[in-house]
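Welcome! Let's look at this model together, one question at a time.

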Amino acid sequence: MRVLFATPYSQATGGIVQWARHIVQHHTTNPNGVELNVLPMNNCGANDAVTNKRLYNRITRGIATYSHVIKSLKHELDTTRYDILHIATSASISLVKDLWMMRITKRKGIKSILHFHFGRIPSLAKERNWEWRLIVKAVRTATKVIVIDKASYDTLKREGFTNIELLPNPLSPMVSSLIENYKTAEREPRRLLFVGHCVTTKGVYELVEACAKIEGIHLRLVGPITEGVKQDLEKIADGNDWLDIVGCISLEEVIREMCRCSIFILPTYTEGFPNVIIESMAAGAPIITTPVGAIPEMLDITSDSPCGICVAPKQVEPLREAIEQLLQNNDLATLLGQRAKERVTTVYAMSSVWDKLCNIWKIC
């Protein structure tokens, strides 16, 4: 079976990029009867909030970017016979490109899989806006649609679609290997860690504001940050040395941070299936986050044995209370970390997710 993997791939960062690289790397050692070729794409900032100006800019930028993708797709299909086109997408305006690609492959008798890597489908179904209408067209066009969280799966099923599959993202074997290197690392008391883009929608302002009310902590912010946001956060911290804005570091350094922190915190407003949650689970870190996207499923929040704590996004006091709860109850923090590590190594093991993905390709 030949699969053409259309995905953001050449960019330095991004959840889809990391997911695609993990899948391609695993395929090289365990092809499972699949020949997998990559058609690299850009996602043109599809996770940005959409204002009229941004939408206009992204449409004009996308015309140039996506016309190149379409040309590459046509060339690839003219030179190689494929069974399936697998498109990894973060939706938004890039759905126009996705529809274009699927219609080209349909005319050639090639099946298509549309893989949504975001968790906004339930809210979009309520809004019934332009993006939802594009999603409906795309789902109707695709042979199969993959979603990464159960809320999205249930929403599309309620809408009457029957071609929907639920598939979580896997834990990278590379991450497991790096964690093994730091398995003897001791967690530093009252050391808090955030990893991600330091932007408003990741909850960094609420996080720093909450931590400013807690004595004797050390908060480390890891990830890309602009000078403006850095100055804002330092102002909230009132120049105190408890806030350490680290910036970008390597994956190995990120894993080391996760193995050493006393609490991992991601107070994000919106997510799909965040790699940093699955990585911090594998590192055995106690986790405080928000119930958005696939996070409640990842941490099994509604069960009798949750693997972390979820608080409402954009709320400072509940976030502060959750942090203080774990700082004051080391036994609970340790238990949550242990549960998270056990869950991620069973439910999200790469071998299990890869087999499920191959089965979706085979039944497509």
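## Helix contacts, confidence and a ring pair

Q: Which residues in α15 do His22, Ile23, His26 and His27 in α1 meet?
A: A contact here means heavy atoms within 4.5 Å, and helices (H or I, at least four residues) and strands (E, at least two) are DSSP runs, numbered from the N terminus. In α15, the partners of those four α1 residues are Met350, Ser351, Trp354 and Leu357.

Q: How confident is the predictor in the protein chain, on average?
A: This is a predicted model, where local features need pLDDT of at least 70, side-chain atom pairs count only at pLDDT 80 or more, and totals for chains, interfaces and linings use all residues. Residues are numbered from 1 along each chain as its sequence is written, and side-chain values use heavy atoms, without hydrogens and water. The pLDDT (the predictor's confidence in each residue, from 0 to 100) is at least 70 for 93% of the residues. Averaged over the protein chain, the pLDDT is 91.

Q: Are α1 and α15 roughly parallel or roughly perpendicular?
A: Helix α1 covers residues 15–29, and its axis lies 11 Å from that of α15, at an angle of about 90°. Axes are lines fitted to C-alpha atoms, for helices over the stretch in contact, with angles from 0 to 180 degrees between N-to-C directions. Angles under 35 degrees count as roughly parallel, over 145 as roughly antiparallel, 65 to 115 as roughly perpendicular and the rest as oblique. That makes the two helices roughly perpendicular.

Q: How do α8 and α9 lie to each other, roughly parallel or roughly perpendicular?
A: Helix α8 (residues 204–211) packs on helix α9 (residues 227–236) with axes 9 Å apart and an angle of about 20°. The pair is therefore roughly parallel.

Q: Which residues of α9 do Val204, Tyr205, Val208 and Glu209 in α8 meet?
A: The four α8 residues reach across to four partners in α9. These are Val229, Asp232, Leu233 and Ile236.

Q: Why is the pair of Phe273 and Tyr348 edge-to-face?
A: Rings of Phe, Tyr and Trp (its six-membered ring) pair if their centres lie within 6.5 Å; planes under 30 degrees apart count as stacked, over 60 as edge-to-face and the rest as tilted. Four aromatic pairs turn up in a search of the whole structure. Phe273 and Tyr348 have ring centres 5.6 Å apart, and the pair is edge-to-face because their planes stand at 75°.
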